[in-house]
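Morning, everyone. Please have the structure open on your screens.

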Amino acid sequence: MGNPAKPFCCGPAVCDGQLQGLWTAYSVALPASADNNPNVKIGFRWTNNASGGSDPSFAVWNITLSAPPTVDFTCEYFFANPTTTFNNTMGVGLAQIENCEYWVLTRNAGTASKNVTLNWDANSCITAPAIITDYRVARWDGAVWQNEGSTATTGAVPPAAGSITSGSVSTFSPFTIGSIVTWSLPIELLSFDAKTRSEVVDLSWTTATEINNDFFTVERSIDGKIFTSIGKVKGAGNSSTKRNYKLTDTKPVNGINYYRLKQTDFDGAYSYSSVVAVNMKDESPLEIISIVNGSDDNPTAWIQSDGSSFIKLEIIDDAGKLIRSFHFQAAGSVTQISLGTHSFAKGIYFLKVSDENDVRIKKFSL
């Protein structure tokens, strides 16, 4: 604001006995090299600190505008089980991948091969192998998890933080952390089963050994992606003998119920079992008969109902985020309805249809 002992003047005013300059607006069309951006504004602040009656000025010789750099890659992080979203088939040289997080790398520009670095910390669900050099970067190729190697590692095995860098990668898709050996688990799980009984589901599991095992949590999902706890069972702590456990789900949903077992140590570390599923069949007429994608990426769904139901339809992405929701009145026993996905990004989605008595979910892709 200038010399604090003197007032600041803007325009044809007198400051310290001297007439000051007048700010004059000046504009010019930007050239094509500046992307003809009409919103660029440039301002200058002139502070007159002269005390001898002078009226200093300045001139601007040139201004250069640069376009922002192109972003070569986009990275998305998902705190979800990659074996559920994709599968758990290992390629040559891989024995296992972690089961609670993955990254999707998308190339936006360029063609050069790159090295991919993935990080882990105490929130990751890796159960440490004997040595950090057993880790590998794993890439989903659309069918199996491929071993993309390891050229560098930092840090230490979990729960400490660390990172691993792949070899040269030319194709970009989902990535996660894998191992060339099976990770040593705090429990040796012999079995995990789910069986229907009347209107309930009986969950049972058996361990051969347990190390530092605090408790088990049984989790349920209606889409195989988003799981919630339905009960806990205390573990044995340390055991070298076979132990049997069970828990009953008294409120399963109609249709397919997915279950998984979460094991938690006394220090808070945890691991998951593979997912099992059962189908609670009922007499409900609600059903997603089919979803057919047209050439304009706007699928049509055929919904079976009792012909008079008020039905809720939801579209959920592969990260479990609700993208669209609306209601419709069934028109006869089978209703044909457009999903309105013209503007959606390419990818995997889930159609969830529900009425006051039932829920149905079906996967589709764009």
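Are arginine 360 and aspartate 358 buried or exposed? Both are buried. Keep in mind that this is a predicted model.

Now look at how these two residues meet. Arginine 360 and aspartate 358 form a salt bridge, with the closest N and O atoms 2.9 Å apart. And there is a third member.

Let's zoom out. How many salt bridges does the structure hold? The count is 9. I'll take you through two others.

Start with glutamate 219. Its salt-bridge partner is arginine 260, and their closest N and O atoms are 2.7 Å apart. Find them on the strands. Glutamate 219 sits in strand β13, residues 200–221, and arginine 260 sits in strand β16, residues 255–265. The two are 41 residues apart in sequence, so the pair ties those parts together. What about burial? Glutamate 219 has a relative accessible area of 8%. That is under the 20% cut-off, so glutamate 219 counts as buried. Arginine 260 has 11%, and arginine 260 is buried too.

Next, lysine 352. The side chain of lysine 352 meets that of glutamate 314 in a salt bridge, at 3.9 Å from N to O. Here again, distant parts of the chain are linked. Lysine 352 is in strand β24, residues 348–354. Glutamate 314 is in strand β21, residues 310–317. They are 38 residues apart. Glutamate 314 is buried, with a relative accessible area of 10%.

That's my tour. Over to you for questions.

Conventions
Residues numbered from 1 in each chain as written. Predicted model: local features only at pLDDT ≥ 70, side-chain atom pairs only at ≥ 80, totals over all residues. Heavy atoms only, no water. Salt bridge = Lys/Arg side-chain N within 4 Å of Asp/Glu carboxyl O. Helix = DSSP H or I, 4+ residues; strand = E, 2+ residues; numbered from the N terminus. Buried < 20%, exposed > 50% of the residue type's maximum accessible area, 1.4 Å probe, protein only.
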